[in-house]
Amino acid sequence: MDKYQEQPHLLDRHLEGMMNSLLEIVRDSGSPPPLVHLAFKFLYIITKVRGYKRFLPLFPHEVRDLQPVLDMLAKQNPRDTETWETRYMLLLWLSMICLIPFDLARFDGNLVSVEGQARQPTMDRILEIAKCYLVVSDKARDAAAVLVSKFIVRPDVRQSRMADFLDWVLSMLSKSSSQTMEGTVIVNGMLQALAQLFKHGKREDCLPYAATVLECLDNCKLSESNQMVLRKLGMKLVQRLGLTFVKPKVAKWRYQRGRRSLAANLQAQGAAVQNQKREAAAAAAAEADDDEEYDIPGEIENVVEQLLVGLKDKDTIVRWSAAKGIGRITGRLPKELADDVIGSLLDCFSFQETDNAWHGGCLALAELGRRGLLLPSRISDVVPVMLKALTYDEKRGACSVGSNVRDAACYVCWAFARAYEPSELIPFISHISSALVIAAVFDRDVNCRRAASGTFPHGIDILTAADYFAVGNRVNCYLTISVYIAGFPEYTQPMIDHLINMKINHWDSVIRELATKALHNITPQAPEYMANVVLPRLLPLSVGSDLHTRHGAILACAEITHALCKLAQENNRSVTYYFSEKSLEGLKQIHQEVCSHKPLKLFMFLAVPGGWQWLINDSLRHLTLVSSGARQHIKESAVSALAALCNEFYINERGEADPALQDELVTQYVSELQNSEEMIRCGFSRALGALPRFLLKGRLQQVLEGLKKVTVISPEDVSFAESRRDALIAIAKVCQTVGVKGDGSQQEYVCRENVDQIYATLLTGVTDYTTDSRGDVGGWVREAAMTSLMEVTLLLVQKEAELIHANVCKQIMCWLAQQSAEKIDKFRAHAGSVFLTLLHFDHPPVPHIPHREELERIFPRWEKETLNWNAASEAFPRITQLLGLPAYQYHVLLGLSVSVGGLTETTLRYSAQSLFDYMKKIQTDPSALEGFCETLLKVFEDNLRNDRVSVPLLTMLDQLLANGCFDMFTEQENHPFPVKLFTLCKEEIKRSKDIRKLRSSIGVFCGLIQFQGDMREKVFFQLFLLLCHPFPIIRKTTASQVYEMLLTYSDVVDPAVMEQAMAILSDTNWEAELPVVRERRNGLCDLLKVPRPQLVAKVRWECAPGVLCSWRCP
């Protein structure tokens, strides 16, 4: 059935056949109960897709069906949660059967049964079933309400049971509280029953009880309930009561545009014209007579009041029900009273009301317009309200509300377009169409943009560009579609005004920025209006008190100024052609009033050097005060503004800088690099990187030295990773700016004298593994260092490749290979990308790359773009092949150690598998295996007590030993590899309290037991030391792994004592107190003939009496 959800009417021709097939199973007395329940479940699924109203008439409703259905319902358990679909469908079936046109008393016959007991009348049975299921909590309650609406209105039941049933319903309502779960269920059932009853019952039958029901409903105070469904049902019942109070007639005063059918309208057009005056006069007379025929009951005022209150409810479905109620009841009122309702409705649209009231009001206006109940005389009152609703947006905390109001306002426009003749809307069409176009292009929410893309002047052209799918992309709407629509004169000025009035002060900074970019793009459509009207309006706003407005206004000034300058240049005019003197002065003075990052964009177009320079410096000095989210944007804006300012104002006719100004600026910026605030270092590092060449000339060494100091890690600034990152980025930018000249001066160019210093600084950054509470912050530095190394290397290759020394190139490629083998996907991918870029660069090739041919075989050129370094399954099988290249083996193994011994499952799995595959390949090559082991020991030795490497390295060693990667050495006694490895492991865990390190070392010690020689006794001794470690978890882990070790390597222990040793290991509680554990451990030592570890007494030093001591002995 799922495929029919969107178009369920396609099922209609098959519904009856499906129903009859399933009901045959139900009617078959031989069908087991589970099969019957399954048939009803399928019926429910069909009903859910198509809707019960369409399905209901298809139920068989013959007299012979009544008793079987009643009997089946009697057998049901109302509380069974597994068979509620059966009860639901039976109640719907019964609601159809009870419409049979025979008095139900005829089915009773002799009410005395065979046993002499009185049998219940059929009418009472049905009523009892309905009452029973009105108070259940499942879907059967809805079907019971339908049953009530069909059953109670029968003539025979109405006369004898309707009053009693209503008394029961009202008493249940009065006694139940909507504050409890049980009470909520009961109230729900009663309200559904009443709503269905007053909907389907005849007015004359229900009118005597309507006032009583309304009074009871008022006493229930449903509007105060926190249950949305109860409030919605209450609203539905109120409107049904209101329709009961007034006569069911169509208001003759309503506006009628014509018939729904176009063909019928065209056929009737001629006759309508001839009879128009006669019919209008007759209608007016009939209306006057009709209005005088009866008085409107006083309860209607109460009903309308409740519906108007319902329009302000907090839930949409309640407001929607109230809006439909307003439309239905207003259609039955006299003209004057209906106009009063509309007046009260318009009161919802005040700015003292909430967005709920505006939304409900829009829904009600749409309903009234759709039904022709808003006469043309009221359009002038409604259109201004509708236009305000199209732009309604109210800030609430960190977001805003109003998208539902704007969406409903679009619905109002749609309803009006269908309801009124075009001639009625002509006076308002320009305002409505402009508002709709603006909403379709500039609304923040996609559903509102799509709802607003309707019919307006130039509609075909506009809708071709701004169709349903095109307006789905907000950036496309602001920057592309808006420019096209602004080309139509009717919309140019309204669009500009909307952006200025509503969008540059929007709470969302993204909308403000998009709005100003849109103004930039639209400026060529109306340059004079922008210069003479818009800019003078923006200048006071740019120095106002509201932060959002100030930000948007400054951005708008920048974008419009930029667009006007470009337009003037394109027309060979002065850049100030479009600006008045007052506007120019206002633009120049902005920096004196505002200290924000956004005015920095203005520097590119027009500036007063001193003031703007102060603003740049001040912005860079106060980055610490800015939120972390905006900090990077501010820094980039300031840096780009500085470059534009310098290029425009700090260069003379000879292309040089003023020496005094250059000295002051460079010295000041370099001095700020040693500031105690990290963000200030970041800002001025990037600023130095943005300086143009003429300012760096003669000062290059000073700048590079200053940036180098920032990259040095000292105890005071070890956590300043961001400043080190920005300094490395700045070094590469400076090198690119000044260029390369091998024989040039180190004060002006990258040359032989300073290239080694530059590379040394950048290579230092690749070794930054700083961590703090934010995680691996050193990764930012490594990433920047890798990028800078690539940029500087490619710069040198293209200019003077001989400046790149072989040892430098080897270091670069080795460090990149190490980073390509590490565990963090992001940094691994970046390193791999840089590695392949340098390897495959052809203009000309990078010199001195070690093992170039082998690398190009491992990493073919055609895979440069397709190899996914982020995926461990693709990266590690390639990078481990570098272990066979001597120049890369050390660094790749260092990187792999961190990955294989890491915690991330995917990285660990693929890196370990790739390493094991390589180890398997070299098992038959003793020299390769010896070389690998030497490198492995070198890695361990170089990183002793470096927990970042040593802990995962121990884990990797445990896996290598367990997988038999060193089986070649197990036949040789006292082979140097296991001896040295044992010594390093012992040294690594000395005095360590790191549980992960200790547990990893246990696995390594157990793996070393397989090697022959004097080592075994040392390994046993070390493991027995750990059996009495102060940490219980270490003792327990050691015992468990030693037990497994003895099972695996059974030849290391005398078979005569094996069973006893394993019993001690498995039966001892190694988490017990140390004296108990130590006794068991010593017994194990004696059994395996291993020397018992001896307790070392703590030495206490005391000074001789009278001796002056600096250790403060007691």
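Start with the disulfides: this structure holds zero of them, a disulfide being a pair of cysteine sulfur atoms within 2.5 Å. The model is predicted, so local features need pLDDT of at least 70 and side-chain atom pairs count only at pLDDT 80 or more, while totals for chains, interfaces and linings use all residues. Residues are numbered from 1 along each chain as its sequence is written, and side-chain values use heavy atoms, leaving out hydrogens and water.

C413 is buried at 10% relative accessibility (buried means under 20% relative accessible area, exposed over 50%, partly exposed in between, with a 1.4 Å probe and protein chains only). Then try C682, which is buried with a value of 0%.

Now go to I634, in helix 31, residues 628-649. (Helices are DSSP runs of H or I, at least four residues, and strands are runs of E, at least two, numbered from the N terminus.) I634 is buried at 7%.

Last stop: the loop between helix 40 (825-840) and helix 41 (852-858), where you will find P844. What kind of peptide bond joins H843 and P844? A cis one, with omega of about -10 degrees. In this loop, select H848 too: its phi is positive, about 65 degrees, although it is not a glycine. H848 is partly exposed, at 44%. H851, also in the loop, has a positive phi near 55 degrees and is partly exposed at 25%.
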